[in-house]
Number of protein chains: 2
Amino acid sequence: MRAPMSEIAKLSHQLVELYEKLSSWEQDVVKSSGLSTAQMHTIEIVGHGAQGGGALRMKELAKKMGVTTGTLTVMVDRLEQQGLLQRTPHETDRRSYLIALTEKGQNLFAEHHQYHLRLTEEITAILSAEEQALFSAVLEKIIGQI
Amino acid sequence: MRAPMSEIAKLSHQLVELYEKLSSWEQDVVKSSGLSTAQMHTIEIVGHGAQGGGALRMKELAKKMGVTTGTLTVMVDRLEQQGLLQRTPHETDRRSYLIALTEKGQNLFAEHHQYHLRLTEEITAILSAEEQALFSAVLEKIIGQI
DNA sequence: AACAAACATCTTGACAGTCAAACAATCACT
DNA sequence: AGTGATTGTTTGACTGTCAAGATGTTTGTT
């Protein structure tokens, strides 16, 4: 049994609206840090990559970010100049670098992560425990689907 | 009663992941149309503005998109060159133009809108009627909150 | 009517983000 | 050792972006 068209249209509209709001929220938060959203995105990916184990090579990072390695080269150049990122030579492959956050970069990442947690906290504050649990479960399903 | 920290962190992570997936989905879809995401975003805002009644002035459109009018000028220039948008002089204010989709622009907008509906359909296909209803209600709350 | 202030848009100059293609160094395999 | 694949960088061209200045229009005040 398929949901009626109007319900689909409504949900589609809501998803777009949620996306837009998250987008402008992120833009506001990032602007206050002095970085661009693309730069902060890089910091976030590198930061999360570090949590999940090892530092990333340029190529892996580029793939995760959906940009070419050429684009990433200048991006990393600038973040390295700002003391947020550093290249360290790969131990066994001399073509590659491992990209990691400096201490300054880690602090920035942690601070930005806190912003995310605070927003999520605001969101959950208006949901009941059941709503929150179901919302999380539904998100899980959707993320696996897309 | 506040939700425990780990739940917040989990939900925060899910929201980021959803955002990323929607982002790359949109990028893929838009790329196939030959436009940039910024251009498609312009088409979408103008298209939705038209549904909601009147065409928009440059300034109103710039505000909705979160860019300056200077940025929008060249954006509209290019979309006009491609025959997707047109400026028509404002009836009573000779400083202003009203920006609207051409027929070609409307077709593109409709086509893109269909992509959104199809994605939403895929999403709802894996949700029960109750889940879908609650998800929509939760989104409603969240959108109002952010 | 005349003027000034506010306004809408466009233009210019500067820079970040982006890609494709060419390049250089290194690796992996035979 | 040699050849083809891989990794990262460089280059050239273009879009997206803003701030600041320019132009023409409207609005309000005298």
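Ala, Val, Leu, Ile, Met, Phe, Trp, Tyr, Cys and Pro are counted here as nonpolar, Asp, Glu, Lys and Arg as charged, and the others, Gly among them, as polar. On this basis, the surface near DNA strand C in the predicted model comprises 6 nonpolar, 10 polar and 8 charged residues. In all, 24 residues surround DNA strand C, and the closest of them are A:Ser36, A:Thr71, A:Arg94, B:Lys59 and B:Ser96.

At least two residues each are supplied by helix H2 (37–51) and helix H4 (69–81) of chain A and by helix H3 (58–65) and helix H4 (69–81) of chain B. H4(A) provides the largest share of the surface near DNA strand C, amounting to 4 residues.

In chain A, an N or O atom in the side chain of A:Thr71 lies 2.8 Å from a phosphate oxygen of DNA strand C. In chain B, a polar side-chain atom of B:Thr73 is placed 3.1 Å from a phosphate oxygen of DNA strand C.

Chain A is superposed on chain B by a rotation of 180° with 0.0 Å of shift along its axis, with an RMSD of 0.0 Å. The two copies are therefore related as by a two-fold rotation axis. The contact between them takes 42 residues from chain A and 42 residues from chain B. Because 100% of the interface residues of chain A are also interface residues in chain B, the copies meet through the same surface. About 5,100 Å² is buried between chain A and chain B, and carbon and sulfur atoms give 71% of this area. In chain A, the residues losing the most area to chain B are A:Tyr19, A:Ile143 and A:Ile146, which together make up 13% of what that side buries.

Chain B contains an open sheet of 3 strands in the order E1-E3-E2, with antiparallel pairing. Strand E1 (56–57) and strand E2 (85–89) of chain B form the edges, each pairing on one side only. E1(B) is joined to E3(B) by 2 bridges, and these strands run antiparallel; in this pairing, B:Arg57 has B:Leu98 as its bridge partner in E3(B). E2(B) is joined to strand E3 (residues 97–101) of chain B by 5 bridges, again in antiparallel orientation. Within E3(B), B:Leu101 is the bridge partner of B:Leu85, while B:Tyr97 stands opposite B:Pro89.

In chain A, strand E2 (residues 85–89) includes A:Arg87. The side chain of A:Arg87 forms a polar contact of 2.7 Å with the side chain of A:Glu80. A polar atom of the A:Arg87 side chain also lies 3.4 Å from the backbone oxygen of A:Thr73. Apart from neighbours within four places in sequence, A:Arg87 is in contact with A:Met58, A:Thr73, A:Val76, A:Asp77, A:Glu80, A:Tyr97, A:Leu98 and A:Ile99.

Definitions and conventions. Residues are numbered from 1 along each chain as its sequence is written. Chains are lettered from A and ligands numbered from 1 in the order in which they are written. This is a predicted model: local features need pLDDT of at least 70, side-chain atom pairs count only at pLDDT 80 or more; totals for chains, interfaces and linings use all residues. Side-chain values use heavy atoms; hydrogens and water are left out. Two strands pair if DSSP finds at least two bridges between them. A residue is near a molecule or strand if one of its heavy atoms lies within 4 Å of it. A polar contact is a pair of N or O atoms within 3.5 Å; within protein, one must be able to donate a hydrogen and the other to accept it, and residues adjacent in sequence count only if both atoms are side-chain atoms. Copies are superposed by least squares on the C-alpha atoms of residues with pLDDT of at least 70 in both. Contact means heavy atoms within 4.5 Å. Buried area is the accessible area (1.4 Å probe) that two parts lose on being put together, summed over both.
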